[in-house]
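I'm new to this one and would like to be walked through it. Could we take it step by step?

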Amino acid sequence: MNLYFCIGGEIMNKNQYDSDFVKRNYDRVSFQVPKGGKDRLKKECDIRGFSGINALITNAILEAYGIDLRKKTEK
């Protein structure tokens, strides 16, 4: 069973809706780590109780620099 949403007169399925929501509400930041680094970050997430690498990095930036990336800012 597919879920459909009507947003602003446009009909979209759940995947399209989720993708559109992310595009409207989030910025993407990409960075590289040496081979094996991603696995080490995942292990740190498990050890420290974070839901994923994004949460770990966001928290690290908050702790190190006092920048709260969880709050929306005015453009």
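This is a predicted model: local features need pLDDT of at least 70, side-chain atom pairs count only at pLDDT 80 or more; totals for chains, interfaces and linings use all residues.

Me: Which pattern does the chain follow along the sequence?

Reply: Helices (H or I, at least four residues) and strands (E, at least two) are DSSP runs, numbered from the N terminus. By that count the chain has three helices and two strands. Read along the sequence, they give β-β-α-α-α.

Me: How much of the chain is made up of buried residues?

Reply: Buried means under 20% relative accessible area, exposed means over 50%, and partly exposed is in between (1.4 Å probe, protein chains only). Asn15, in helix H1, is exposed at 62%. Out of the 75 residues in the chain, the buried share is 7%.

Me: How do strands E1 and E2 pair, and which residue in E2 is the bridge partner of Cys6?

Reply: Two strands count as paired if DSSP finds at least two bridges between them. E1 (residues 4-7) and E2 (residues 10-13) run antiparallel, with four bridges. Phe5 stands opposite Met12 in E2, while the partner of Cys6 is Ile11.

Me: Which residue in the turn of the hairpin has a positive phi?

Reply: E1 and E2 make a hairpin with two residues between them.

Me: How many salt bridges does a search of the whole structure find?

Reply: A salt bridge needs a side-chain nitrogen of Lys or Arg within 4 Å of a carboxyl oxygen of Asp or Glu. Asp18 and Lys14 meet that way at 2.9 Å, and Arg24 with Asp20 also comes to 2.9 Å. Glu44 and Arg48 form another one, at 2.6 Å. The total for the whole structure is three.

Me: Why can residues four places apart in a helix point the same way?

Reply: Take Asp18 and Lys14, both in helix H1 (residues 14-25) and four residues apart. Arg24 and Asp20 have that four-residue spacing in H1 too, and so do Glu44 and Arg48 in helix H2 (residues 37-48). The reason is that an α-helix has 3.6 residues a turn.

Me: Is Arg48 buried or exposed?

Reply: Its salt-bridge partner, Glu44, is partly exposed at 29%. Arg48 has a relative accessible area of 57%, so it counts as exposed.

Me: Which residues make the nonpolar surface patch of about 290 Å²?

Reply: Patches take residues with over 30% relative accessible area and no salt bridge, joining like charges within 9 Å and nonpolar side chains (Val, Leu, Ile, Met, Phe, Trp, Tyr) within 5 Å. The areas come from the Shrake-Rupley method with a 1.4 Å probe, and for residues only the protein chains shown count as cover. One member sits in helix H1 and is partly exposed at 35%. The patch is made by Phe21, Val22 and Tyr26.

Me: Which residue follows helix H3?

Reply: The expected span of a helix is 1.5 Å times one less than its number of residues. H3 (residues 53-65) has 13 residues and reaches 18 Å, close to the expected 18 Å. After H3 comes a residue with a positive phi near 70°, namely Gly66.

Note on methods:
Residues are numbered from 1 along each chain as its sequence is written. Side-chain values use heavy atoms; hydrogens and water are left out.
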